[in-house]
Amino acid sequence: MTKIDHLESYDRFVDAIKLNLIMWRRNGNQDLSDISKKLAISERTVRRRFNNPGTLTLEELYAWCELYEKDPCEVLQGAFETSRHSTNEKND
């Protein structure tokens, strides 16, 4: 198991990724079968990844971004900024 020193920041990072997945699915026309075809994994695995995005591989996240025409760099940068921003507020 990987040791993460700043677990609260990591949780905020993963929550930001999950929020993206929720919003994309809500605003897009893709259902779990479309997503599973794109990611080449079962619908059950898609559901697990959706509910726990910390288990997404980078390849899966990239494919998910492609499916919804999102820039994966922007998604990761936004999640990182969310996790850092909250940490910096605590330190102020």
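A: Begin with what covers the buried residues of α2: the cover includes α1 (7-27), α3 (43-51) and α4. The model is predicted, so local features need pLDDT of at least 70, side-chain atom pairs count only at pLDDT 80 or more, and totals for chains, interfaces and linings use all residues. Residues are numbered from 1 along each chain as its sequence is written, and side-chain values use heavy atoms, with hydrogens and water left out.

Q: How many helices and strands does the chain have?
A: Helices (H or I, at least four residues) and strands (E, at least two) are DSSP runs, numbered from the N terminus. Here there are five helices and zero strands, giving the pattern α-α-α-α-α along the sequence. The C-alpha trace spans about 45 × 30 × 20 Å along its principal axes.

Q: What share of the residues of the chain count as buried?
A: Buried means under 20% relative accessible area, exposed over 50%, and partly exposed in between (1.4 Å probe, protein chains only). Of the 92 residues, 30% count as buried.

Q: Which residues of α2 are buried?
A: An α-helix has 3.6 residues a turn, so residues three or four places apart point the same way. In α2 the buried residues are Leu32, Ser33, Ile35, Ser36 and Leu39. Viewed down the axis of α2, they fall within an arc of 160 degrees (taken from the directions from the helix axis to the C-beta atoms), so they line one face of the helix.

Q: At what angle do the axes of α2 and α4 cross?
A: Axes are lines fitted to C-alpha atoms, for helices over the stretch in contact, and angles run from 0 to 180 degrees between N-to-C directions. Helix α2 (residues 32-39) and helix α4 (residues 58-67) have axes that come within 9 Å and cross at roughly 125 degrees. Angles under 35 degrees count as roughly parallel, over 145 as roughly antiparallel, 65 to 115 as roughly perpendicular and the rest as oblique. The pair α2 and α4 is therefore oblique.

Q: Which residues make the contact of α2 with α4?
A: Contact means heavy atoms within 4.5 Å. From α2, Asp34, Ile35, Lys38 and Leu39 meet Glu60, Ala63, Trp64, Glu66 and Leu67 of α4. These residues divide into five nonpolar, no polar and four charged; Ala, Val, Leu, Ile, Met, Phe, Trp, Tyr, Cys and Pro count as nonpolar, Asp, Glu, Lys and Arg as charged, and the others, Gly among them, as polar. Within α4, the buried residues are Glu60, Leu61, Ala63, Trp64 and Cys65.

Q: How does α2 lie against α3?
A: Their axes come within 9 Å and cross at roughly 95 degrees. That makes α2 roughly perpendicular to α3. Leu32, Ser33, Ile35 and Ser36 in α2 meet Glu43, Val46 and Arg47 in α3, a contact of three nonpolar, two polar and two charged residues.
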